[in-house]
Amino acid sequence: MTAIATPPGTPGSPAPETGGKRSRRDSRGAPGGTNRRGRPLGRNPIGLLFSAPYLVFVGLIFAYPLGYSVWISFHDFFFTAPGAEVDRPFVGLDNFATALGDSAVRQSFVNVGVFLIINVPLTVVLSMVLATALNKVVRFRTFLRVSFYLPYVAASVAIVAVWIFLFNGSGLVNQVLGPLAPDPSWLISSVWAMPTIALFVTWKGLGFYILLYLAALQAVPKELYESASTDGAGAIRTFFSVTVPGVRPATVLVLLLATVTGANLFTEPYLLTGGGGPNGASASPVLIMYQKGLQQGQPDVAAAIGVILVVLVLIIAYLQNRFAGERD
Amino acid sequence: MSTAVFAVGILALSACSGGGGGGDSADGRGDITIWYSNNESEVAWGKQMVEAWNADNPDEQISGQEIPAGTSSEEVIGAAITAGNAPCLIYNTAPAAVGQFEKQGGLVDLSSMDDGADYIEERSGDLAEQYQNTEGAYFQMPWKSNPVVIFYNKDMFTAAGLDAENPALSTYDDFLATSRTLVESGVAPNAILPAPTSEFFQTQFDFYPLYAAATGGTQIVEDGEATFADEAGYEVAEFWATMYEEGLSGREQAQGDAFADEDAAMAIVGPWAVSVYDSVNWGSVPVPTSEGISAEETWTFSDAKNVGLYSACDNQATAWDVLKFSTSEEQDGQLVELTGQMPLRENLQETYADYFEANPAYTAFGDQASRTVEVPPGPNTVQMLQAFRDAWSESVIFGEGDVRESLDAVATEVTEIAQQP
């Protein structure tokens with residue numbers, strides 16, 4: 001009875017026997033506290049082998065540059081040729097003060113805040129609703145899924161050109177709107193430039209998030225829908241009472257991913273609004289980092305902006321996980 | 001959280017790789033690698049130059065290649081310097097970036113060569129001086145310029161009822177009146193459409209040519225002080241502000257080539273435009289000034305590209321010889337012939353008289369090449385230009401705030417930046 005009640009491998013539980021013989025795993029030493037201590041590589045050393053390349057990748061491409069960037073942000077630093085001997089004194093918070101004292105930097109954080117406020121909720125709502133709808137579609141299912149996914153895999157550079165044609169002063173959108181078109185037009189309006197970019201990024205990334213929700217929807221038990229139907233719940237009631245709670249883990253993931261990728265906004269303001277225009281209204285922190293770090297030879301100030309951005313994103317991510325994540 | 005911090009971090013990572021030239025690099029001889037621009041005509045020039053050198057120097061061969069693709073050449077070069085894998089020579093070095101490359105330890109001081117300064121000054125004459133750093137050293141070889149002038153579409157001028165052979169474009173008032181006629185007649189949505197975008201270098205194609213003309217070749221920063229907050233600068237800024245305010249120049253960036261697509265009746269261009277706009281019936285005039293001056297007196301922006309000898313080069317003696325060979329009278333002649341760009345060489349029109357006689361379209365550029373002004377030197381040039389551009393976008397292009405007050409404020413900021421180490 002004990003063997004059935006307790007999952008195999010649980011510390012303290014007896015190992016199951018087959019035909020009176022000890023299992024192969026058990027013959028090598030059953031997993032458990034005692035045996036794990038005897039195997040420093042754990043019960044699946046081959047797993048370490050498979051994951052090692054990615055760990056090296058993460059270490060070299062992410063962890064080391066991140067740590068180095070934090071170090072740069074506290075020093076007077078500029079890039080030099082190998083062998084060039086220069087002083088890189090510790091400057092405390094000077095780079096952070098320089099960054100935050102720059103009105104363009106402060107403006108860029110406000111801009112990306114506006115972007116996230118529009119982009120993240122829109123992404124969550126649209127991708128959840130569209131995934132739910134796509135999950136029920138029978139005809140043209142593949143065609144529709146591919147259609148939504150296509151913008152995600154297409155190069156931003158190519159798609160941006162189409163959006164410029166749509167949203168420029170004499171573009172299709174303004175022709176349709178006629179007298180209702182904003183003046184100045186979308187991409188050169190300090191009011192509309194960032195919302196237009198947010199709309200573009202939402203549309204472009206939607207396919208990926210729909211896929212996440214489609215995968216999550218497969219895990220929602222059919223019995224819950226049947227039960228809701230038996231209880232007389234309509235489509236909207238079922239959506240809010242079954243689907244939304246059922247895909248909550250995916251929602252947290254979408255929230256985090258949309259926030260992180262949104263905070264790293266660069267390509268769209270660089271291309272769509274000609275380098276963060278009009279008049280800096282669509283400049284993002286990463287665009288300013290690019291200008292300062294790579295164009296203007298101030299990687300220390302750029303690194304400080306990056307560190308501030310990472311801290312802010314971590315705070316937002318914590319709050320999202322705290323309030324939208326699983327509580328049990 | 002990839003892009004935010006790692007854009008800088010990855011480049012920092014590359015600082016740990018590679019290796020620079022050894023201690024004997026200055027006297028080193030042997031094979032070298034060079035990069036040249038990736039436009040078709042400069043590739044043709046580069047290939048013939050490499051072929052000509054290699055034929056006579058079997059022990060010191062050049063391996064030439066187009067500069068690797070990137071957001072801009074300057075970023076590619078900056079990354080190559082940091083990684084220690086820059087080639088010996090790059091024939092596409094923007095003067096605005098030279099100060100940074102020098103600060104990075106990426107460039108060789110050409111003045112340190114026995115005949116370095118003499119060769120440069122003998123070839124380029126008085127124009128060479130503005131390519132010195134603040135200590136008077138040459139970390140770049142002045143190579144070629146693309147002096148900018150105004151191109152106009154004769155057919156559109158005629159359609160608007162304007163005199164296409166002698167257009168009234170010499171003064172700001174004339175230019176504005178002609179622009180109004182062009183737009184009001186409906187022949188063009190924009191009279192002229194300089195890029196209204198925020199990149200630092202766009203200043204070189206709207207404000208700077210006119211300021212150079214108005215001041216007889218004054219740089220926007222001289223002796224560590226911003227110069228442009230003066231009457232000439234105010235007038236240039238107010239001229240452009242009027243162009244934007246009246247809708248004679250659009251605030252939206254063009255998709256494609258506005259001049260070729262007839263979205264604009266005029267353009268500010270260099271000699272490269274002669275071959276590019278062969279389907280347009282164009283004419284050219286110097287950039288306007290407040291009172292109107294003759295073409296022979298007009299200064300403009302150089303839009304130069306120079307050659308840098310990079311410190312990662314192991315065979316710097318060979319590289320210096322190649323540099324002199326590639327800027328010799330014969331190779332400069334090939335450059336003019338194949339690219340239509342103007343070598344930064346004294347007495348250009350006399351030296352290549354046959355070429356200019358056979359190609360009169362380039363004569364105005366050849367003459368203009370002797371009166372060009374460059375961006376100010378120093379490691380903070382890009383930072384200065386970006387600060388200027390941001391203020392320009394706000395007050396001139398988008399009409400927010402007073403133009404004069406904006407120039408005054410940014411002049412103070414630019415002076416502070418110029419005086420930083």
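In chain A, Pro278(A) sits in the loop that runs between helix 14 (267-272) and helix 15 (285-295); helices (H or I, at least four residues) and strands (E, at least two) are DSSP runs, numbered from the N terminus. The model is predicted, with local features needing pLDDT of at least 70 and side-chain atom pairs counting only at pLDDT 80 or more, while totals for chains, interfaces and linings use all residues. Residues are numbered from 1 along each chain as its sequence is written, and chains are lettered from A, and ligands numbered from 1, in the order in which they are written.

**Exercise 1.** Locate Asp223(B) and decide whether Asp223(B) is buried or exposed.

*Solution.* Asp223(B) belongs to the loop between strand 7 (221-222) and strand 8 (225-226) of chain B, and its phi is positive, near 50°, in a residue other than glycine. Now apply the cut-offs: a residue is buried if 20 or more other C-beta atoms, placed from the backbone, lie within 10 Å of its own, exposed if 12 or fewer, and partly exposed in between. Asp223(B) has 9 C-beta neighbours inside 10 Å and therefore counts as exposed.
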